[in-house]
Amino acid sequence: MMSLKALALAVGVAFVGTAAVAQSIECGDDTLCKVKAAGVLKIGTKDDYVPWSYRASDGSFKGMEVDIGKKIAEVLGVKAEFVKVTSANRFEFLAQGQIDLMIASASDTAERRKIVAFVHPNYYSSGYTVLLPKTVKATEWSQISSQTVCAVQGAWYNKPAQEEFGVKVLAFAGTAETESAMTQGRCIGLLEDDNQINVRLSNAKWADYQMPLPIQADTPWGMAVRQADQFAPFGYFVAGMIAEMHRDGTLLKLEADNGIKNSAFLTKMHDALKDHLD
Amino acid sequence: MITDIQTFFRELAASGVNLTIFYDAFDFDRFVTGLGNTLLLILASSFFSIVIGAAGAAVLTLSKGPAAAVVRGYVAVFRNTPLLVQMYFFYFAVGSIMPVGQNEIGLPQPLIGSFAWAVISLSLYSGAFNVETFRAGVGAVHSSYEEAALALGYNRRQAFFSVTVPLALRFSFASLANNLVDLTKATTVAYAVGVAELLYVSNQIWSDSLNTIEMMNVMLLIYLVLTGAVVFIINRVEAAMRLPGFGLGDGQ
Amino acid sequence: MNPTNLLSQILEWMPFVLQGFALNILMSLLAIAIGTMFGTFLGLGQLSPGWIIGAPSKLATQLFRNAPWLVLLFYCIFLMPYQINVGGISIQLPSWLRATIGFSFPVAANFSEIVRGAVKSVPRGQWEAAEALGYSRRSTLFRIILPQCITRMIPPWMNLYALLLTATPLSMIVGVEEALGRTQAAVQAQSDSRVLIPMYLALLAMFFLYTWPINRLSLLLERRFRTK
């Protein structure tokens with residue numbers, strides 16, 4: 001009997017908490033129309049990628065990607081709602097409709113294009129290399145082959161780094177764990193994207209470290225929408241926003257605002273798209 | 001033959017079921033390593049958890065002093081907190097105050113690696129459940145057996161080890177099988193401290209190839225086989241140790 | 001930075017983590033309710049003498065008991081739709097709710113075994129005595145056997161609940177914002193590996209303080225209900 005009552009209560013809670021009444025405005029498959037009707041743009045982003053996307057202590061999201069998302073929602077005249085995604089679930093969440101736009105430091109690769117649509121132009125770019133203590137004297141990847149490096153689970157470069165350079169990858173859930181593992185001596189360095197290492201090196205805490213190895217496989221990051229939205233108003237809208245943010249310098253400014261050194265990719269895109277009359 | 005298999009799974013991938021582990025040599029190697037590590041984790045942790053469980057139950061039965069209090073405290077803490085968090089705590093917190101050796105290029109290297117920590121953590125977690133199991137087994141042996149042994153001139157310790165324990169073991173099998181099945185399933189948690197077991201390698205494979213559902217199905221099958229094997233082995237041991245005329249159940 | 005600073009930094013993040021812990025509790029309560037209901041059906045199904053009900057109940061119980069929880073979670077998160085339409089109303093199933101459903105499967109299977117075990121623990125003589133008194137199998141089960149079983153089932157049921165609660169952090173891996181996931185995000189945002197140990201210690205304490213009294217109570221009840 002007790003469990004029946006608890007069940008009734010629980011079901012009640014579940015429905016009060018989640019029942020969203022249908023928005024039956026005639027939008028069909030037009031995501032742009034649906035977003036405007038709902039007044040909310042649901043954006044998937046990570047919460048463990050300082051300074052691109054992370055948390056404030058009140059639970060809200062912060063970082064460069066979050067600022068980009070807010071900008072897009074602002075132009076649409078809707079509220080930006082951020083949904084935490086992980087490397088393991090972000091593509092499924094987008095396909096299922098739990099989010100409408102993904103800005104989650106996802107590299108734009110051929111494998112991933114089979115599942116979601118990346119909007120072009122790309123909004124960012126990074127390669128991968130290793131953060132090493134200065135005591136390690138290595139300037140070529142071949143010198144650290146068969147050594148262990150720490151990395152974050154789900155990063156796309158974990159596989160090529162193992163296959164091409166023979167390093168051993170010890171992967172953890174996030175960057176706090178990888179840092180901690182490195183300081184305990186469980187790996188010689190951190191396998192990360194070059195932007196992140198640059199951010200670290202600008203902090204005095206990392207004065208004894210450097211990134212001496214050549215940067216590999218510079219790959220652009222893409223915002224993603226559902227495949228059905230790629231050649232539809234929503235996809236075109238996002239594409240236009242990205243192009244304009246490159247052109248008017250918004251992305252360069254957001255990068256600087258979040259304490260990241262202006263990257264070569266953003267500078268190059270800004271130059272390529274800038275107004276010929278200026 | 002092998003190329004035939006690879007071709008088959010490559011064609012299968014084109015039709016939507018992407019099992020990279022059967023045609024990509026790199027993924028195949030990772031997966032086999034993962035399976036091997038999972039098996040090692042199960043064997044090592046099962047062994048140590050049974051040892052811990054038996055020792056704990058013996059202490060609880062034979063002693064009433066501080067030793068018993070320590071065992072009870074240990075069981076309470078490990079049974080009432082998430083294994084995943086325990087594992088993290090051992091690896092990052094306790095691991096940082098452990099002795100450090102040196103590797104071949106002169107950098108510091110901890111003596112206890114990921115795998116060893118995972119075994120320690122899993123054994124302690126599962127051991128806490130085994131303590132309860134064995135203690136309940138001892139409790140299920142009717143006190144008349146011990147009294148009979150004492151009457152035959154055994155002292156209390158001898159009566160415990162020669163009479164109560166062998167009978168208690170037989171009462172414990174069902175619950176022990178349950179614990180070991182849980183342990184088998186729990187080995188997946190070792191992925192959190194970087195042990196390349198099945199979940200860890202599967203996670204890497206589906207991050208690269210985006211074949212999450214296929215890899216999940218493969219994992220489900222493998223774990224069903226593994227837990228089935230654990231139950232089978234326990235049942236065989238139980239059958240081999242069955243005493244004629246010593247029935248179980250029936251209200252004891 | 002000095003220790004007081006570190007402490008205030010950690011305290012600043014505690015509300016964020018505690019909200020996550022509230023979700024752990026909510027998920028566990030819902031999952032135990034759903035799991036208990038279906039587990040009762042499965043357990044009685046297992047006792048059915050006919051194979052039409054008995055065999056599928058046994059199969060489902062074994063399948064969901066032996067599959068790793070994490071794998072069941074992945075199925076529920078990735079295979080269940082985000083929105084379902086019931087009579088023109090669309091109901092959203094956020095990831096925590098789908099994870100809850102994922103937890104309900106192993107809970108139901110374990111409870112099914114508890115029911116079966118409890119019924120089997122009643123001595124056979126009672127069935128025979130009831131039969132001799134003219135009771136049908138059904139009324140023997142519901143009027144004689146089950147009432148005795150309830151007290152025997154409560155302690156293992158409470159243990160199952162404690163086990164379920166300590167398993168809820170697994171949903172972090174599929175992106176549910178529960179306490180462990182939030183602790184990780186908090187550690188990340190502070191970019192300071194020294195907070196790692198105290199943050200995890202606080203998390204352990206939360207789980208312990210909630211689960212330990214439940215286990216104690218279950219032990220007390222077990223002693224109380226024990227029939228010799």
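1. Chain C has a radius of gyration, taken over C-alpha atoms, of 22 Å, whereas a compact globule of 228 residues would have one near 17 Å; the globule rule is 2.2 Å times the number of residues to the power 0.38. Along its principal axes, the C-alpha trace of chain C spans about 80 × 50 × 30 Å.

2. This is a predicted model, in which local features need pLDDT of at least 70 and side-chain atom pairs count only at pLDDT 80 or more, while totals for chains, interfaces and linings use all residues. Residues are numbered from 1 along each chain as its sequence is written, and chains are lettered from A and ligands numbered from 1 in the order in which they are written.

3. Chain C contains 8 helices and 2 strands, where helices (H or I, at least four residues) and strands (E, at least two) are DSSP runs numbered from the N terminus. Their order along the sequence is α-α-α-β-β-α-α-α-α-α.

4. Of the 228 residues in chain C, 46% are buried, that is, 20 or more other C-beta atoms, placed from the backbone, lie within 10 Å of their own.

5. Between chains A and B, 22 residues of chain A are in contact with 17 residues of chain B; contact requires C-beta atoms, placed from the backbone, to lie within 7 Å. On the side of chain A that touches chain B, α5 (110-113), α6 (158-165), β8 (168-172) and α7 (175-183) each supply at least two residues.

6. Chain A is assigned domain 1 (29-125 + 219-273) and domain 2 (127-217), with bounds from an automatic or database domain assignment. The C-alpha centres of these domains of chain A lie 26 Å apart.

Notes:
Two residues are in contact if their C-beta atoms, placed from the backbone, lie within 7 Å. A residue is buried if 20 or more other C-beta atoms lie within 10 Å of its own, exposed if 12 or fewer, and partly exposed in between; C-beta atoms are placed from the backbone.
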